[in-house]
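Me: I'd like to go through a few labels on this one and see what stands behind them. Could you show it first?

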Amino acid sequence: MSGTLAKIAEIEAEMSRTQKNKATAHHLGLLKARLAKLRRELITPKGGGGGGPGEGFDVAKTGDARIGFVGFPSVGKSTLLSNLAGVYSEVAAYEFTTLTTVPGVIRYKGAKIQLLDLPGIIEGAKDGKGRGRQVIAVARTCNLILIVLDVLKPLGHKKIIENELEGFGIRLNSKPPNIGFKKKDKGGINLTATCPQSELDTETVKSILAEYKIHNADVTLRSDATADDLIDVVEGNRVYIPCIYVLNKIDQISIEELDIIYKVPHCVPISAHHRWNFDDLLEKIWDYLKLVRIYTKPKGQLPDYTSPVVLPYCKTTVEDFCMKIHKNLIKDFKYALVWGSSVKHNPQKVGKDHTLEDEDVIQIVKK
């Protein structure tokens with residue numbers, strides 16, 4: 001392990017010594033690719049014995065979405081978790097003997113949302129210290145990450161936590177780079193750019209790919225891309241997760257300072273201790289999770305508005321809905337009747353490919 005860490009430190013030092021300009025872009029790209037490969041070695045242990053990655057620790061996924069909380073000790077993360085769970089909880093705390101307790105599942109707007117404490121991600125977990133690796137495996141499965149910061153010293157902490165998460169291939173509040181990448185058997189590296197590039201040229205792209213022993217590929221840059229973007233696409237194991245910065249302890253600052261914080265993107269100021277502004281936080285959580293609630297209507301009865309079937313926003317077809325209820329449902333499926341914003345008239349007869357929208361009502365008609 002220490003060998004890899006030493007190599008990482010060496011490359012990082014060389015990168016900070018190198019001036020950024022056109023002449024060095026190529027060299028820096030190479031170093032970045034080397035760094036990405038070394039970091040991957042740390043997160044995914046080499047094969048041979050010792051169980052799979054993240055063995056012995058995985059929290060059973062319950063509910064419709066999972067939120068991971070990250071923060072330094074003493075920023076009030078546990079107070080926030082227990083107060084949120086206390087106010088909105090519907091199940092007692094789960095006990096996990098392994099690494100962490102799940103403070104629980106809260107119910108909000110009919111959805112069950114699992115709150116997870118991700119302890120000790122900070123300070124060198126990405127260098128393979130401690131139980132960091134398992135925590136990361138779980139962090140990567142979250143639908144939303146909340147970074148809890150102390151309002152009195154937010155920026156230093158924010159940087160450290162972001163760097164840690166970035167180091168594990170977690171990309172916060174960003175979309176996958178708009179780069180087409182296809183390996184092939186022969187024909188060399190083919191680079192097409194559909195818009196002007198400020199950082200990547202054919203040389204740099206070739207040297208980054210050579211570092212991955214890729215000598216034949218089609219690469220299409222559809223936006224002004226960086227070396228990091230290209231590396232993310234080649235690595236292919238990045239996860240893109242929305243993130244909210246929760247600034248705690250606002251009872252200790254002035255109204256003027258609060259006004260400034262409110263303008264920071266992705267930020268919600270709260271006081272965990274006084275339970276101030278929780279409704280704002282939950283509203284933003286709901287926005288960022290983008291969940292879609294579908295109400296079911298048994299034949300001849302009123303729709304059940306108390307327990308919606310909750311789907312992630314990227315999987316909201318009638319077929320997805322059926323699969324969420326029971327995998328046999330789709331076998332007997334004839335058509336569905338839908339009321340709501342996804343249809344032109346109420347009810348409308350639709351097939352299994354129809355895309356549902358939030359708060360639609362559905363009745364499944366079987367063969």
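**Labels and their cut-offs**

Reply: Let's start with Asn173, which sits in the loop between strand S5 (170-172) and strand S6 (179-183). Strands are DSSP runs of E with at least two residues, helices are runs of H or I with at least four, and both are numbered from the N terminus. Before we go on: this is a predicted model, where local features need pLDDT of at least 70, side-chain atom pairs count only at pLDDT 80 or more, and totals for chains, interfaces and linings use all residues. Residues are numbered from 1 along each chain as its sequence is written, and side-chain values use heavy atoms, with hydrogens and water left out.

Me: Why does Asn173 count as partly exposed?

Reply: Its relative accessibility is 27%. Buried means under 20% relative accessible area, exposed means over 50%, and partly exposed is in between (1.4 Å probe, protein chains only). So Asn173, at 27%, counts as partly exposed.

Me: What is the phi of Asn173?

Reply: Near 45 degrees, a positive value in a residue other than glycine. Lys213 also has a positive phi, about 55 degrees, and is not a glycine either. Lys213 lies in the loop between helix H6 (202-211) and strand S8 (217-221).

Me: Why is Lys213 called exposed?

Reply: Because its relative accessible area is 69%, and that is over the cut-off for exposed.

Me: What makes Asp150 buried?

Reply: Its relative accessible area is 4%, so it falls under the cut-off for buried. Asp150 lies in strand S4 (residues 144-150). Leaving aside neighbours within four places in sequence, Asp150 is in contact (heavy atoms within 4.5 Å) with Val75, Asn248 and Lys249.

Me: How do you know that the side chains of Asp150 and Lys249 make a polar contact?

Reply: The distance given is 3.3 Å. A polar contact is a pair of N or O atoms within 3.5 Å; within protein, one must be able to donate a hydrogen and the other to accept it, and residues adjacent in sequence count only if both atoms are side-chain atoms. The 3.3 Å between Asp150 and Lys249 is therefore inside that limit.
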